[in-house]
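Biologist: Please take a close look at one part of this model for me. I would like to follow the charged side chains, then the rings and the core around them.

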Amino acid sequence: RVGGSRCAGADYGTSSRWCQVRGLSVSAAAAGAAAAAAGVPSSGDGTTWTFNESGKSPRVTLSEGGLVMRVTDSSQGTDGARGTFAMVSGRYSWTLRLMSGTGTNPMVGVCRLAQSLSVDSYTDLIGESAESWGWKHDGAMMHNGSRVGSASSYQEGSELRLVYDAEAGTLELFSGGSRVGGFTGVRGPVY
């Protein structure tokens, strides 16, 4: 599952899907202090980010210490998971790899805490509301239920990188080492 997470993460629509997250880095040491001041959980140092066991759909399982997520029964709807801490201030970068069985509608992106992590229908979960920004496998960039731009498409085996700048309110999307799109107006805290 991708960082998928629904949220810092990814969501998927059908069949079991896997996503692996590697290398979240944080450029601002103050990120942890800012998160604490905002009353949200945060690592702030980039060393402990994983998918969150308590912030996921019941149909999602986590393995490898929370670095790999899998939707176990996608015939029931669309599911995702959040990361373990909020991105409040600073600059964050993470790489996601879509593993086997990514399903028919993988998405990656970020969301606020209020974003739903499970629905009993097939939908573009990340980006369905004002609480999330999602990049679909077909390249559609979704926010508040609408397509707000286009990036390149991706598929099983792809390595994607997302870069969130909390001060600038931007989420940049990279595939194959090249910037392929991005969102503006992304205000957190987001996961």
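Modeller: Start with a term: a salt bridge is a side-chain nitrogen of Lys or Arg within 4 Å of a carboxyl oxygen of Asp or Glu. Side chains of opposite charge can pair when their charged atoms come close. This is a predicted model, where local features need pLDDT of at least 70, side-chain atom pairs count only at pLDDT 80 or more, and totals for chains, interfaces and linings use all residues. Residues are numbered from 1 along each chain as its sequence is written, and side-chain values use heavy atoms, with hydrogens and water left out.

The structure holds 6 salt bridges. In one of them, Glu-172 meets Arg-179 at 3.0 Å, N to O. Glu-172 is buried, at 18% relative accessibility. Here buried means under 20% relative accessible area, exposed means over 50%, and partly exposed lies in between (1.4 Å probe, protein chains only).

Asp-165 and Arg-91 form another salt bridge, at 3.7 Å from N to O. Asp-165 lies in strand E13 and Arg-91 in strand E7, so this pair ties together parts that are 74 residues apart in sequence. Strands (E, at least two residues) and helices (H or I, at least four) are DSSP runs, numbered from the N terminus. Asp-165 is buried, at 17%. Arg-91 is partly exposed, at 35%. A network of salt bridges links Arg-91, Asp-165, Glu-172 and Arg-179.

Now the rings. Rings of Phe, Tyr and Trp (its six-membered ring) pair if their centres lie within 6.5 Å; planes under 30 degrees apart count as stacked, over 60 as edge-to-face and the rest as tilted. The count comes to 3 aromatic pairs. Phe-85 and Tyr-92 make a tilted pair, 6.4 Å centre to centre, with 45° between the planes. Tyr-92 also stacks with Tyr-164, at 6.3 Å and 25°. Tyr-92 lies in strand E7 and Tyr-164 in strand E13, so the pair ties together parts that are 72 residues apart in sequence. Phe-85 is buried, at 2%, and Tyr-92 is buried, at 0%. Phe-85, Tyr-92 and Tyr-164 form one aromatic cluster.

Last, the core. A nonpolar core is a set of buried Ala, Val, Leu, Ile, Met, Phe, Trp, Tyr and Cys residues joined through side-chain atoms within 4.5 Å. The largest one has 29 residues, and Tyr-164 is among those with the most contacts inside it. Strands E7 and E13 are among those that each supply at least two residues of this core. The largest share, 4 residues, comes from E7.
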